[in-house]
Amino acid sequence: MPLTAASKAELRLCSRLRLSEEQAVALVSSMRAGTSARPAIVLSPLAPADYEPPFACADTSAWPWLPPRVYVPAEGERPTAHADYAAGLYYSLDLSSCWESAPLSVVPPPDSSLDLCAAPGGKSMLMAARYLPRQHAANEVNAQRRGILRQNMQLCGVPNVEVTGLRPDQWAAEGRSFDLLLADAPCSGQSLLCKGIRNPGCLGQQMVNGNAKRQKGILLAAVQCVNPGGYILYSTCTYDPDENEKVMAYILKRVPGWQAVEVPLLAVYRSALADFPCYRMLPHHGSGAGGFCCLLQKT
Ligand SMILES: C[S@@+](CC[C@H](N)C(=O)[O-])C[C@H]1O[C@@H](n2cnc3c(N)ncnc32)[C@H](O)[C@@H]1O
């Protein structure tokens, strides 16, 4: 499609992302086609070390950042149609979600961790595949989603997990702190369009502003829940810089004693929209619908 056929909101997003004309056409086409979803699976703690998925898998050498115990089903395979899925041997999620957890490659195994926005449980599963903390809290404020999270943690046999439902400010008031905190924040979800999921208003400034405000609030509470030397992995599944680079820049400026950490495996995805290390992937990279991630360390 020519870029002249793009809507004002689509053009605004492309310009805020400082995309070239070619990249802008690719992004708008992906948002309209809705075919960028790329399923992946992560093995659960129930799957033995020599477990092989019961379906054909793609060659993963193009994705050096792929977390441990993650497989990408070959085109046309339906991983959720197998008995092993129903038995909790693996969990199904988008490849972009796996990409968003790649910064954990530079985080030493934590003793304690908190997944602040955890349902339905994908990031907690990815973390459990990399290292099993002695104590993990999988937290979800929405009661219905918390039920699904609990079921997923139980079905997949994630050990040492406590499912909780506190708001971020309640966590801050609790006075508990962790070596690693995952903040996979609620966002405008612009990447849903690229998966063919309707998301009215997600390109509008009002939706973006509302989410950016909520994300800053979540992080201002999150920074109070991390041990010295510990980490926050912030991620979203949206493209707008206001919910990504600008949220990180706000925290780094507003809260002393934090730095953004370089992730060598993600070097090619480094965002040009920030002067600190943070990473963004767009659907035309061919690894799912895209997202944003940034690793912060309490110095
Ligand atoms: C992007 S989803 C998390 C996906 C999950 N990490 C996964 O990988 O499966 C964001 C979650 O944040 C929750 N949420 C919404 N508002 C919140 C808030 N103010 N504080 C914390 N969590 C919130 C939502 O209910 C939703 O489950």
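## Basis of the description

A residue is taken to be near a molecule or strand if one of its heavy atoms lies within 4 Å of it. The model is predicted, so local features are given only at pLDDT of at least 70 and side-chain atom pairs only at pLDDT 80 or more, whereas totals for chains, interfaces and linings use all residues. Residues are numbered from 1 along each chain as its sequence is written, and side-chain values use heavy atoms, with hydrogens and water left out.

## Surroundings of the ligand

There are 17 residues around the ligand, and those that come nearest are Cys117, Gly122, Glu140, Arg145 and Asp184. Polar contacts are pairs of N or O atoms within 3.5 Å; within protein, one atom must be able to donate a hydrogen and the other to accept it, and residues adjacent in sequence count only if both atoms are side-chain atoms. A polar side-chain atom of glutamate 140 is 2.6 Å from an oxygen atom of the ligand, and a backbone N or O atom of glycine 122 lies 2.8 Å from a ligand oxygen atom. For alanine 119, a polar backbone atom is found 3.5 Å from an oxygen atom of the ligand.

Helices (H or I, at least four residues) and strands (E, at least two) are DSSP runs, numbered from the N terminus. Burial is stated by relative accessible area, with buried meaning under 20%, exposed over 50% and partly exposed in between (1.4 Å probe, protein chains only). Strand β4, residues 112–115, is covered on both faces, with Ser112 and Leu114 buried on one side and Ser113 and Asp115 buried on the other.

Two strands are said to pair if DSSP finds at least two bridges between them. Strand β4 runs parallel to β5 (residues 135–139), to which 4 bridges join it, and serine 112 has glutamine 135 as its bridge partner in β5. Strand β4 also runs parallel to β7 (residues 178–184), here through 3 bridges, and leucine 114 has leucine 181 as its bridge partner in β7. In general, strands of a sheet pair through backbone hydrogen bonds, either parallel or antiparallel.

Helix α5 (residues 122–130) stands between β4 and β5 in a right-handed β-α-β unit; a crossover is right-handed if, with the strands pointing away from the viewer, the path from the first strand over the helix to the second runs clockwise. The helix is mostly covered, as 8 of its 9 residues are buried, among them Gly122, Lys123, Ser124 and Met125.

The loop between β4 and α5 holds alanine 118 and also proline 120, and the peptide bond from alanine 119 to proline 120 is cis, with omega near 5°. Alanine 118 counts as buried because its relative accessible area is 4%. With contact meaning heavy atoms within 4.5 Å, and not counting residues up to four places away in sequence, alanine 118 touches Ser124, Ala138, Asn139, Glu140 and Leu149. Alanine 118 and valine 163 are 45 residues apart in sequence, and their C-alpha atoms are 9.2 Å apart in space.

## The antiparallel sheet

An open sheet is formed by 3 strands in the order β2-β1-β3, with antiparallel pairing. Its edge strands are β2 (70–71) and β3 (90–94), each of which pairs on one side only. Strand β1 (residues 39–43) is joined to β2 by 2 bridges, and valine 42 stands opposite valine 70 in β2.

Helix α5 lies across β1, β2 and β3 and runs at about 50° to β1, where axes are lines fitted to C-alpha atoms, for helices over the stretch in contact, and angles run from 0 to 180 degrees between N-to-C directions.

## Loop residues elsewhere

Arginine 69, in the loop between β1 and β2, has phi near 65°, a positive value in a residue other than glycine. Asparagine 160, in the loop between α6 (143–155) and β6 (161–164), likewise has a positive phi, near 55°, without being glycine. Arginine 69 counts as partly exposed because its relative accessibility is 26%, and asparagine 160 is partly exposed with a relative accessible area of 45%.

Serine 271 belongs to the loop between β9 (258–260) and β10 (279–281), and it is classed as buried because its relative accessibility is 4%. Apart from neighbours within four places in sequence, serine 271 is in contact with Glu245, Cys278, Tyr279 and Arg280.
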